[in-house]
Amino acid sequence: MPPNHLEKTGRLEFTLNGQPVSLADVPGEASLLEVLRGRLGLLGSKEGCGVGECGACTVLLEGRAVNSCLTAAWQAAGKRVITIEGLAQGEVLHPLQEAFVQTGAVQCGFCTPGMILAACDLLSKNLRPSDQEIETALAGNLCRCTGYHDILRAVKRAARWIREERP
Ligand code: FES
Ligand code: FES
């Protein structure tokens with residue numbers, strides 16, 4: 001149960017990258033990003049702006065992309081959270097991860113986990129996105145390095161691979 005008041009702490013349970021997680025003494029005001037990075041040591045989700053403007057902290061909550069810096073950890077109670085650490089299947093990269101590497105859409109890499117998870121949300125709903133649809137889906141994710149062109153190509157390439165894999 002979430003604490004009744006923001007000052008209270010409590011035990012938080014949710015599913016993280018397919019595994020159950022149970023954390024004691026989670027403050028009511030903790031963000032999901034703080035819990036992922038500070039309590040669980042998953043550093044793939046980045047803290048950029050901390051105020052919902054850069055998308056570097058994007059994770060999937062029940063399959064939808066959210067800014068984990070603005071999401072209270074307690075909003076994840078009983079729900080499924082996917083971070084970039086949970087996307088690959090063992091040694092096999094997710095098609096989006098593979099496409100980002102192959103197209104040169106990763107430079108410094110700071111924006112990359114958030115970009116990929118935002119794109120993951122898009123492709124779960126639309127495997128034939130137009131350029132405009134990709135741009136709209138990634139509008140909340142900033143990249144200072146790539147100029148976005150290669151990111152767009154990567155998302156389209158991953159969408160094609162996923163379509164071709166499906167019967
Ligand atoms: S760190 Fe969350 S949106 Fe920038
Ligand atoms: S690759 Fe550096 S911010 Fe996007």
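Helix H3 lies across strands S3 and S4, and H3 runs at about 35 degrees to S3. The model described here is a predicted one.

S3 and S4 belong to an open sheet of five strands, arranged in the order S2-S1-S5-S3-S4, with mixed pairing. S2 and S4 (residues 64-67) are the edge strands, since each of them pairs on one side only. On average, neighbouring strands of the sheet are turned by 40 degrees against each other, direction ignored.

The individual pairings can be followed along this order. S1 (residues 9-16) pairs with S2 (residues 19-27) in the antiparallel sense, over seven bridges. Leu16 has Gln19 in S2 as its bridge partner. The hairpin of S1 and S2 has two residues between the strands.

S1 is also joined to S5 (residues 80-82), but here the strands run parallel, and two bridges connect them. Thr15 has Arg80 in S5 as its bridge partner. S5 in turn pairs with S3 in the antiparallel sense, over two bridges. Leu60 stands opposite Ile82 in S5.

Helix H1 (residues 32-39) has the buried residues Leu32, Leu33, Glu34, Val35 and Leu36. These buried residues pack against S2 and S3 (58-61). After H1 comes Gly41, whose phi is positive, near 70 degrees.

## The nonpolar core

Which residues have the most contacts inside the largest nonpolar core? They are Met115, Ile116, Leu117, Ala118 and Ala119, in a core of 46 residues. Helix H3 (residues 112-125) gives the most to this core, contributing eight residues. The core draws at least three residues from each of domain 1 (9-86) and domain 2 (95-165).

Met115 illustrates contacts between parts of the chain that are separated in sequence. Leaving aside neighbours within four places in sequence, Met115 is in contact with Leu138, Asn141, Cys143 and Ile151.

## Residues with a positive phi

Most residues other than glycine have a negative phi.

| Residue | Phi | Location |
|---|---|---|
| Asn17 | positive, near 50 degrees | loop between S1 and S2 |
| Asp25 | positive, about 55 degrees | strand S2 |
| Tyr148 | positive, about 75 degrees | loop between H4 (131-137) and H5 (149-165) |

Is Asp25 buried or exposed? Asp25 counts as exposed because it has 10 C-beta neighbours inside 10 Å, and a residue with 12 or fewer is placed in that class. Tyr148 counts as partly exposed because it has 16 C-beta neighbours inside 10 Å. Asn17 likewise counts as partly exposed, because 17 C-beta neighbours lie inside 10 Å. The partly exposed class covers the range between the exposed limit of 12 or fewer and the buried limit of 20 or more.

Leaving aside neighbours within four places in sequence, Asn17 is in contact with Ile82, Thr83, Glu85 and Gly86. Asn17 and Ile84 are 67 residues apart in sequence, while their C-alpha atoms are 8.8 Å apart in space.

Leu87 is found in the loop between S5 and helix H2 (95-103). Why does Leu87 count as partly exposed? Leu87 is placed in this class because 19 other C-beta atoms lie within 10 Å, whereas a buried residue needs 20 or more.

Not counting residues up to four places away in sequence, Leu87 touches Ile82, His94, Gln97 and Ile116. Of these, Ile116 is also one of the residues with the most contacts inside the largest nonpolar core, and Ile82 is the residue in S5 that stands opposite Leu60. Leu87 and Asp150 are 63 residues apart in sequence and 20 Å apart in space, C-alpha to C-alpha.

Conventions:
Residues numbered from 1 in each chain as written. Chains lettered and ligands numbered in written order. Predicted model: local features only at pLDDT ≥ 70, side-chain atom pairs only at ≥ 80, totals over all residues. Pairing = 2+ DSSP bridges. Helix = DSSP H or I, 4+ residues; strand = E, 2+ residues; numbered from the N terminus. Core = buried A, V, L, I, M, F, W, Y, C linked by C-beta atoms within 7 Å. Domains from an automatic or database assignment. Contact = placed C-beta atoms within 7 Å. Axes fitted to C-alpha atoms, helices over the stretch in contact; angles between N-to-C directions.
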